[in-house]
Amino acid sequence: MSTDLMSVEHFTLRRKGVAVLDDVSLRLPAGQTLALIGESGAGKSTLAFAAMGLLRPPEVALEGRLMVGDTDIASAPESKLRGLRGTRMGMIFQDASAALNPCFTVLDHLSEPLRRHRGLSRSACRTRAVELLDSVGIADPQARLSAFPHELSGGMQQRVMIAIAMACEPELLIADEPTSALDVTIQAQIMSLLLERVRALGASAIFVLHDLALATQVADRVAVMYAGQIVEEGPAFKVLNHPAHPYTRGLRASAIEFGAERLEPIAGVVPPLSAMPGGCRFAPRCAYATAQCSAQRPPQVTHGEVTLACWHL
Ligand code: SF4
């Protein structure tokens, strides 16, 4: 049986008293990839940032456990998290042009984690930086070391971000909508590169995605989030091709990527966090809702390989 690289148990994150993530439980076996999917405001990016230890008290209040390896990210001191980020965990942000420092060259960016976490000398950093740029498909890597971010295309900036995140060979890579700021033609290249690097390292990855079809291609597992909760979780192929939860079925029916003859959008919008309905949060938009749904929150129940939160499957 594979061990879990990440396990989340009854994890709640409150901002100004409002639960942005509400009693989330989830596990990611070592060496596997997980896609977090759902509409905007579902809490996908919040969970990804929390897993990196980037959302911490006093900014937010945390309850429950969020374990990465043997470290509880929710309660570990900041000094320990600083050591983990960049070594055991790497992150790729949505918009590389905003994440890269315009005043630093590509070599500066790549040298920072190598010097800090690996203690490499200046010349060793340079050698390793060339290797890293080469591994992410940047042509003439030696010449690119002195480039500033604005001198690179969007696709190349994201390749540099991947090289930085992979510099210290992390066990867990977290990518928050890594291709959404790129042209469609570049998106597939970047996703396949990311997956190739993750597989080459034997690492685990969490991808925050909007694109359901892409999730079936890159993820071993999928967690479907709605209004700060996980409503369905399991093997990607099963969850996305045979969805059981009304919300996942609605997402699939409204996804253009699956080539449906007629798209059926989910009625209504995600309620604001400050006015979440009691019981099942999806009830106001669900065609199957009953009085029980509005009164009681459905528990997460495991059916075979899939975990679901719904009273009326
Ligand atoms: Fe719909 Fe009820 Fe299931 Fe919620 S618990 S998804 S409202 S059927």
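This is a predicted model: local features need pLDDT of at least 70, side-chain atom pairs count only at pLDDT 80 or more; totals for chains, interfaces and linings use all residues.
Biologist: What span separates the end C-alpha atoms of helix 7?
Modeller: Helices are DSSP runs of H or I with at least four residues, numbered from the N terminus. The expected span is 1.5 Å times one less than the number of residues. For the 13 residues of helix 7 that should give 18 Å, and the end C-alpha atoms agree, at 18 Å.

Biologist: How many residues of helix 7 are buried?
Modeller: Buried means under 20% relative accessible area, exposed over 50%, and partly exposed in between, with a 1.4 Å probe and protein chains only. Helix 7 is mostly covered. Among its buried residues are Gln157, Arg159 and Ile162.

Biologist: How are helix 7 and helix 8 oriented to each other?
Modeller: Axes are lines fitted to C-alpha atoms over the stretch in contact, and angles run from 0 to 180 degrees between N-to-C directions. The axes of helix 7 (residues 154-166) and helix 8 come within 11 Å and cross at roughly 15°. Angles under 35 degrees count as roughly parallel, over 145 as roughly antiparallel, 65 to 115 as roughly perpendicular and the rest as oblique. Helix 7 and helix 8 are therefore roughly parallel.

Biologist: At what angle does helix 4 pack on helix 7?
Modeller: Helix 4 covers residues 106-118, and its axis lies 8 Å from that of helix 7. The two helices pack at about 20°.

Biologist: Which residue follows helix 8?
Modeller: Helix 8 spans residues 184-201 and reaches 27 Å, close to the 26 Å expected. Its buried residues include Ile190, Leu194 and Val198. The residue after helix 8 has a positive phi, near 70°: Gly202.

Biologist: Is Phe148 buried or partly exposed?
Modeller: Phe148 sits in the loop between helix 6 (141-144) and helix 7. Its C-alpha is 8.6 Å from that of Asn101, 47 residues away in sequence. With a relative accessible area of 29%, Phe148 is partly exposed.

Biologist: Which residues come nearest to the ligand?
Modeller: Around the ligand there are 13 residues, each with a heavy atom within 4 Å. The nearest are Cys280, Cys286, Cys293, Cys310 and Trp311.

Notes. Residues are numbered from 1 along each chain as its sequence is written. Side-chain values use heavy atoms; hydrogens and water are left out.
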